[in-house]
Amino acid sequence: MANGNDELYPVPTEIASRAHLDKAGYEAMYRRSIENPEAFWAEQAERFIHWFRPWDRVMDWDFKEPRIRWFEGAELNVSYNCIDRHLETRGDKTAIIWEGDEPGDTRRFSYRELHEAVCRLANGLRARGVRRGDRVCIYMPMVPEAAIAMLACTRIGAIHSVVFGGFSPHALRDRILDADCKLVITADQGVRGGKIVPLKENTDKAVTECPGVETVVVLRRTGAEVPSSPDRDIDYHELVEDMEPHCEAEPMDAEDPLFILYTSGSTGKPKGVLHSTGGYILQAAMTHHYVFDYHEEDIYWCTADVGWVTGHSYIVYGPLANGATTLMFEGVPTYPDASRHWDIVDRHQVNIYYTAPTAIRALMRAGNEPVQQYSRKSLRILGTVGEPINPEAWNWYHQVVGDGRCPVVDTWWQTETGAIMIAPLPGATDLKPGSATRPFFGVQPALMDADGRELEGEAAGNLVIKGSWPSQMRTVYGDHERFAQTYFSAYPGLYFTGDGARRDADGYWWITGRVDDVLNISGHRLGTAEVESALVLHPAVAEAAVVGYPHDVKGQGIYAYVTLMAGKEGSDELSDELMDLVRDEIGAIARPDIIQWAPGLPKTRSGKIMRRILRKIAADELDTLGDTSTLADPGVVDNLIDNRIKPD
Ligand code: WT7
């Protein structure tokens, strides 16, 4: 990872010969993007996006306030950019290939069909009273209708908030309430890896406590009997069936909000990351074009879920803005078996495949045979995102999945950045396993030390970004102060990412992981505070402290230290009960892997829990525990060490 090897994989000649950019091209374009950002972004905006009205000013930002605006005064519509403008030349081209949970269960939407489906739903939403600026929650399985719902919202200027289908009713309720959504789009049930996800049942539980929700639109996915409230619920197909297949795309201001997406922070409740229209769609489209070296005839597959930002930018918005064929997969990599992804690659002739290190590690465990049963000849570019990729997984991905032919683009970015920020370009960047390599156009990463000094040259420190980029989040929905605090207070005038990083002698970037209390479980972000809050809901629990520890497949696992109320006794049953409680409160991804009973937690004299020590114990790094002399009661550490639980 941070100390990954510096082995260099040069750009393969077959890739270089057809790529959009070579080394010199990247360098020249990058230089221009930094030296003359206004001219650079104006050119790109004209090239990648259709505007109904040009902008008055390319950019206007000040991280001190903070205030961020791009293409102010311009008008556009994202749904128009993703669909309508392609109709003339790509009307019959496949926009979405859908592969269901069961192998071979496939649906296709041409751009023309997508247009019709989106228009009908957009009209349906209007018929149910949704207006420009209203918030719509999308709690869906990975079906084409999830993308259609997103596009229908953008068509009429409604702001969508997609909530991952794996989240619990409580998590869903909190997100609906925070964004004050008036309509929810869901399905009767989802299907993943042969298992049923009770989406409607969860929605019913959530919306009983959401008085602002007027309508619940229910897509029939499995056709199961699910309860319905006739005044509130409407069947998706009944809603769209009588609607006109045409719906004018609403001209939106470049700075109008496009969507809210909740993500975890180091403290308290998840924050609603707000993205706006013009800058977001520009950078989503442009990064999709350059980082994946996308060409018109490519079949492109990103394995993420639309519930995460990767699904927003690289299943739906980036690819469709470029008129691409994007594949959507409902299932999981290991169902029915570990060869599923390669079966899909061969059947749909996938050229570009974008996944997460956790999936790569899980598939690597299953051995080479499931991969080698399939030809994978169509593959040209491989991508990864979500967490640092260990060189071993990188090499397996490159050698076994890509037969050593396909560049691996390791893409670093965040929900907050909206689009890829640091990544190689296939035709321009020599690769180093484990490094996200070089910044994208217009992006200026820098390293800071703990005292707020910038580090030059080869160095390791906290990763910040100097200056704004078009797809930067604009605020935390309803809490601009939290936006200012979280991202702009640690280093005034700079955007703080929350990540640590290293820059090597060649100027390559190596992301080392979060430096705050954010966990990265299988590429999913989770705040330690969220898990702790769930644990202390149990009447037997007095206090809890949660840390991450290295996990072979998930990247990080969840290790919880729990102090029980006086007189309560720890047991396997109670441990299971607590794990299930967290799952029910947040979702399955948050279920702790390990619970250790802690008679006391290491605290400073002022009462602050010293997580550094807890992390060391969980990771079994006892020789680097560090100074424990400032603890109120150093003895608690010995007890925790003696009773520590090693992962199996
Ligand atoms: C955090 C953001 C961006 C989409 C997926 C996650 C980690 C992401 C990489 C990478 C090392 C990475 C960072 C970042 N991360 N990509 N290529 N190498 N770390 O989005 O849930 O907002 O999480 O994921 O720690 O801060 P997210």
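**Entry 1: G193 and K195**

I located G193 in the loop between β9 (190–192) and β10 (195–197). Here strands (E, at least two residues) and helices (H or I, at least four) are DSSP runs, numbered from the N terminus. I note that this is a predicted model, in which local features need pLDDT of at least 70 and side-chain atom pairs count only at pLDDT 80 or more, while totals for chains, interfaces and linings use all residues. Residues are numbered from 1 along each chain as its sequence is written, and side-chain values use heavy atoms, with hydrogens and water left out.

Is G193 buried or exposed? I found that G193 counts as buried because its relative accessibility is 17%; buried means under 20% relative accessible area, exposed over 50%, and partly exposed in between (1.4 Å probe, protein chains only). I then listed what G193 touches, leaving aside residues up to four places away in sequence: D101, G331, V332 and Y335. Contact means heavy atoms within 4.5 Å.

K195 lies in strand β10. With a relative accessible area of 60%, K195 is exposed.

**Entry 2: the record**

I looked up the UniProt record, an unreviewed entry, which lists R192, G193, G194, K195, T310, S522 and R583 under "binding site". These residues spread over 392 residues of sequence and are also spread in space, up to 23.7 Å between C-alpha atoms. UniProt positions are given in the numbering used here, feature names are shortened, and annotations may be inferred rather than shown by experiment.

**Entry 3: the seven-stranded sheet**

I traced an open sheet of seven strands with mixed pairing, in the order β5-β4-β17-β16-β18-β19-β20. Two strands pair if DSSP finds at least two bridges between them. Which strands stand at the edges? They are β5 (106–110) and β20 (408–411); each has a single partner strand, so one side of each is left without a neighbour in the sheet. On average, neighbouring strands of this sheet are turned by 20° against each other, direction ignored.

Helix α6 (residues 111–127) packs on this sheet, where it touches β4 (94–99) and β5, and its direction makes about 90° with that of β5. Axes are lines fitted to C-alpha atoms, for helices over the stretch in contact, and angles run from 0 to 180 degrees between N-to-C directions.

I also noted that β16 (residues 299–302) and β17 (residues 325–329) pair in the parallel sense over three bridges. The bridge partner of Y300 in β17 is T326.

**Entry 4: the five-stranded sheet**

I traced an open sheet of five strands, ordered β22-β21-β23-β25-β26, with antiparallel pairing. Its edge strands, β22 (454–455) and β26 (509–514), each pair on one side only. Strand β21 (residues 444–448) and β22 pair in the antiparallel sense over two bridges, and L447 stands opposite L455 in β22.
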